[in-house]
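Here are my notes on this model, as numbered points.

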Amino acid sequence: MMDFYTFIQLLIVSIIATAAMTSFSCFMSKQFQELYKEPVLLSFVLSKLKMELSVKSEKILGWLLHFLIGFLFVLAYYVLWVKDILPISTLSALLLGAISGIIGITCWMFIFKMSNHQPHIDFKGYYLQLFFAHIIFAIIATAFYSLSLTF
């Protein structure tokens, strides 16, 4: 059972890491003139599910889902760290990022297939940037979790 302090600690770490990842995706979107923004893509997928939500609600839900998924990744990292399955280190952050990237790519392939949403994007480019976005996510999550242990 997780105490309240640990929950808040992981929530803050996940918000920072997800924001860093999202910033990278936004930067790559701008650089390559492509739609690589995960929350925007999630809101488009939600619109395809015919949930009868307003466009604003779909956008908000897309962002909330993105940050919730980020929290779930950080929670998984936390379990690996506290059970001493992986050390809190740069090398394990890279490993977690690579694994998270593969999971993220697989999930997006599944999401696009199940929702019949085929955005007009460069999928190879999207998945490549998504892989590196998850490495950034894991490095930032590891660094800020490690830093939070000093408080």
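At what angle do helix α1 (residues 4–32) and helix α3 (residues 55–82) pack, and how far apart are their axes? The points below start from that pair; note that this is a predicted model.

1. Helices α1 and α3 pack at about 120 degrees, and 8 Å lies between their axes. Angles of 65 to 115 degrees would count as roughly perpendicular and those over 145 as roughly antiparallel, so α1 is oblique to α3. The crossing of this pair is right-handed.

2. On the α1 side, the contact with α3 takes in Thr6, Phe7, Leu10, Leu11, Val13, Ser14, Ile15, Thr18, Ala19, Met21 and Thr22. Facing them in α3 are Trp63, His66, Phe67, Gly70, Phe71, Val74, Leu75 and Tyr78. Sorted by class, the contact of α1 with α3 holds 13 nonpolar and six polar residues, with no charged ones.

3. Helix α3 also packs against α2, where the axes come within 8 Å and cross at roughly 125 degrees. The two helices are therefore oblique to each other, and their crossing is right-handed. From α2, the contact draws on Glu38, Pro39, Leu42, Ser43, Leu46 and Ser47. From α3 come Glu58, Lys59, Leu61, Gly62, Trp63, Leu65 and His66. The class count for the contact of α2 with α3 is six nonpolar, four polar and three charged.

4. Helix α3 passes α4 in a right-handed crossing. Phe73, Tyr77, Leu80 and Trp81 of α3 meet Ser92, Leu96, Ser100 and Ile103 of α4. Six nonpolar and two polar residues make up the contact of α3 with α4, and no charged residue takes part.

5. How much space lies in the largest pocket? The volume is about 250 Å³. The lining has 17 residues, and the closest to the pocket centre are Ile69, Phe73, Gly104, Trp108 and His134. Of these, Phe73 is also one of the α3 residues that meet α4.

6. Which elements give two or more residues to the lining of the largest pocket? They are α1, α2 (38–48), α3, α4 (90–115) and α5 (123–148). Helix α4 supplies the largest share, six residues.

7. By class, the lining of the largest pocket consists of eleven nonpolar, five polar and one charged residue.

Methods
Residues numbered from 1 in each chain as written. Predicted model: local features only at pLDDT ≥ 70, side-chain atom pairs only at ≥ 80, totals over all residues. Heavy atoms only, no water. Axes fitted to C-alpha atoms, helices over the stretch in contact; angles between N-to-C directions. Helix = DSSP H or I, 4+ residues; strand = E, 2+ residues; numbered from the N terminus. Parallel < 35°, antiparallel > 145°, perpendicular 65-115°, else oblique. Left-handed = near helix turned anticlockwise from the far one by under 90°. Contact = heavy atoms within 4.5 Å. Nonpolar A, V, L, I, M, F, W, Y, C, P; charged D, E, K, R; others polar. 1 Å grid on protein atoms, 1.4 Å probe; cavity = no way out; pocket = protein on both sides within 12 Å on 5 of 7 lines; lining within 4 Å. Points joined across faces, edges and corners; volume = space filled by probe spheres on them.
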